[in-house]
Amino acid sequence: NFVEFGVKLFDNGEVSPYLWNLAPGDKIEIKGPLGGHFIWSTDMPGPLVLIAGGSGIVPLISMLREYVRYSKNTEREVVLLVSAFSREKIPYYTELEKYKRNFPNIKILYTLTKDTPADWTGFARRVDKAMLAEITSGLLDKMPITYVCGPTGFVEAVANTLVEIGFNPHSIKTERFG
């Protein structure tokens, strides 16, 4: 009975300043959903691979929540990779860490591209071919469905690299912005 927005504020943005300035009780009109290519259901077979560039995690966290709350397939392999500038810039970090602790079949990984603390144990570089091959090792033969969301350049680079390492292009769903 509620709608949650995950909106990154851009000072010169067309929509984000408006949404950030809404107050409780303000009324807005919502249309949708539009499209239909970037959807996932717990009934869909195979492993689930989610790859987010920064705030591109917003639709992917929804899929992960859907899996955690409603999936009867508690053995499904789920991999989530989040790329962010710093640990502090990882959206939903606390929630993701809870899933990481409580669901052994969900592998949550991070890569930091700018500020890496001394105690960091995750990846510390841009997403690349070696990283994608490592995190998806053993999944190709199981026909994973993959969702990639983030800035346009990130999404295109990741999707192309997934195809290079053997992913079926028809199983890669993308959503981009910026």
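## How H2 and H3 cross

In this predicted model, helices H2 and H3 cross in a left-handed manner, and their axes come within 12 Å of each other at an angle of roughly 35 degrees. On the H2 side the contact is made by Ile57, Ile61, Leu64, Arg65 and Val68, while H3 contributes Glu95, Leu96 and Tyr99.

## What is buried in H3

The buried residues of H3 are Glu95, Leu96, Glu97 and Tyr99, and the elements that cover these buried residues include H2, E2 and E3.

## The largest nonpolar core

In soluble globular proteins, nonpolar side chains tend to be buried together. Here the largest nonpolar core holds 26 residues, of which Leu64, Leu96 and Tyr147 touch the most other members. Two or more residues of this core come from each of strand E1 (48–53), helix H2 (57–70), strand E2 (78–84), helix H3 (93–102), strand E3 (106–112) and strand E4 (145–151). The largest share, six residues, is given by H2.

## A separate core

Another core, of 20 residues, lies apart from the largest one, and its members include Leu81, Leu109, Phe123 and Val127.

How values were computed:
Residues numbered from 1 in each chain as written. Predicted model: local features only at pLDDT ≥ 70, side-chain atom pairs only at ≥ 80, totals over all residues. Heavy atoms only, no water. Core = buried A, V, L, I, M, F, W, Y, C linked by side-chain atoms within 4.5 Å. Buried < 20%, exposed > 50% of the residue type's maximum accessible area, 1.4 Å probe, protein only. Helix = DSSP H or I, 4+ residues; strand = E, 2+ residues; numbered from the N terminus. Contact = heavy atoms within 4.5 Å. Axes fitted to C-alpha atoms, helices over the stretch in contact; angles between N-to-C directions. Left-handed = near helix turned anticlockwise from the far one by under 90°.
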